[in-house]
Amino acid sequence: MNRHIGILTAGGDSPGLNAAIRAIGKTAIDTGHMEVVGFRDGFRGLMENRIMRLERSMLTSILTLGGTILGTSRDKPHKMPVGGELMDMSEVICDNYYRHNLDALVCIGGGGTQKNAHRLAQRGLNILTLPKTIDNDVYGTDVTFGFDTAVEIATEAIDRLHSTAHSHHRIIVVEVMGHNAGWLALGAGVASGADVILIPEIPYNHEKVARAIRKRQQRGNNFSIVVVAEGALSIEEMKKRDKLRSKKLKAKQKGHLKEKKRAGEAYNRFSKKRSEHTLRLSQKLEEMTGLESRLTILGHLQRGGTPSATDRILATKLGSACVKYIEEGASNVMIAVRGEETEPVPLDDVVGKRKVVPLDHCWLESARNVGTCLGD
Ligand code: F6P
């Protein structure tokens, strides 16, 4: 009897998702003689049993498409909004897995998806995952697909902002995505020759940023490009964030429900203010340097549209390798990139960790060497 596999895409969309679906589907159908079913909108579609049978003909012409033909959502199996309440729908999800006689379910997503997939694996489902996110912050893999495309998009945008900043003698603060890791800001910042790059891993000092801009002014450069990851914080903001976080953890440990809720809400309110922090930075730099400053938030532009050639190759490699690993009996693993190769990494080793930019990373060193201010 033919084997059956399921595929879902979850979390924020990322260029290369369709390339991965195509690679899994074609390899599974052509070489593995498997039947492939897609679930719509991430774990929600698996819970609601909303499916798309993936025939071979549906997999042609999707390699270059942005987004995901399956749709996506950020819904979690154990905390799914149902009828206005958050419910644990894991049982229903498991029932639907068995209803389709699945031999394996491939979950394609970022850090959150790895966690959710791991939870289902602990309930006995046979799960494999692929790492995707423009943030490049999934632990256990060299790189995630989507990242290369996003770096290209952000770099092109910053290149364009350079000429307008230069013409108007302005500071342009560009906010790029990356709430916990600065890979995208750092990659695009180095590639576009940004004057200042601020990332979540390095809390910044306003005065040091202003000083770098003033130094450029003294050299006759009356403009500056400041690339900021959405999660970057000043030293003061970082202290405040850490305080709120430890209050939240303490309340959780004590088990006081009301206190836990209040502390959680305060922490979330602060974390959601990302662009407000960037706007404040832009205003402050204007006051501190006397140069006019403008803020550009690249936002979801960075995730949309056709994947780069590198991401297409990566997603194809991971997707087709995934089927081979299923055939070999691998289970509860993420298919990671290691150099030119792929490697199954136990989900146990992936979840609960995040790949942030190491402070001795060569991109940081290169940025410093060419005189880029990193805010510290
Ligand atoms: O997780 C990927 C990501 O693009 C982050 O960089 C960003 O903070 C977040 O998603 C935005 O999420 P949403 O599209 O749900 O607003």
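**View A. The largest nonpolar core of the predicted model.** This core holds 33 residues. Ile108, Leu128, Leu130, Phe145 and Ile335 touch the most other members. Several elements give two or more residues to the core: strand 1 (4-9), helix 1, strand 6, strand 7 (127-131), helix 11 (309-327) and strand 12 (333-338). Helix 11 gives the most, with eight residues. In soluble globular proteins, nonpolar side chains tend to be buried together.

**View B. The surroundings of Leu128.** Which residues does Leu128 touch, not counting residues up to four places away in sequence? Ala104, Leu105, Val106 and Cys107 are among them.

**View C. A second, separate core.** This core has 32 residues. Ala154, Leu161, Val174 and Val176 are included in it.

**View D. Two domains in the chain.** The domain assignment gives domain 1 as 3-145 + 307-349. Domain 2 is given as 150-303. Their centres, taken over C-alpha atoms, are separated by 32 Å. The contact takes eight residues from domain 1 and nine residues from domain 2.

**View E. The interface between domain 1 and domain 2.** The size of an interface is often given as the accessible area lost when the parts come together. Here the two domains bury about 800 Å² between them. Of that area, 54% is on carbon and sulfur atoms. Which residues of domain 1 lose the most area to domain 2? They are Asp13, Ile134 and Asp135. Together they account for 59% of what the domain 1 side buries.

**View F. Salt bridge and polar contacts.** One salt bridge is counted between domain 1 and domain 2. Asp13 forms a salt bridge with Arg303. The closest N and O atoms of Asp13 and Arg303 are 2.8 Å apart.

**View G. Positive phi at His33.** His33 is not a glycine, yet its phi is positive, about 50°. His33 lies in the loop between helix 1 (17-30) and strand 2 (35-39). Is His33 buried or exposed? His33 is exposed, because its relative accessible area is 51% and exposed means over 50%.

**View H. Positive phi at Asn101.** Asn101 also has a positive phi of about 50° and is not a glycine. Its place is the loop between helix 3 (90-99) and strand 6 (104-109).

Technical notes:
Residues are numbered from 1 along each chain as its sequence is written. This is a predicted model: local features need pLDDT of at least 70, side-chain atom pairs count only at pLDDT 80 or more; totals for chains, interfaces and linings use all residues. Side-chain values use heavy atoms; hydrogens and water are left out. Helices (H or I, at least four residues) and strands (E, at least two) are DSSP runs, numbered from the N terminus. Buried means under 20% relative accessible area, exposed over 50%, partly exposed in between (1.4 Å probe, protein chains only). A nonpolar core is a set of buried Ala, Val, Leu, Ile, Met, Phe, Trp, Tyr and Cys residues joined through side-chain atoms within 4.5 Å. Contact means heavy atoms within 4.5 Å. Domain bounds come from an automatic or database domain assignment. Buried area is the accessible area (1.4 Å probe) that two parts lose on being put together, summed over both. A salt bridge is a side-chain nitrogen of Lys or Arg within 4 Å of a carboxyl oxygen of Asp or Glu. A polar contact is a pair of N or O atoms within 3.5 Å; within protein, one must be able to donate a hydrogen and the other to accept it, and residues adjacent in sequence count only if both atoms are side-chain atoms.
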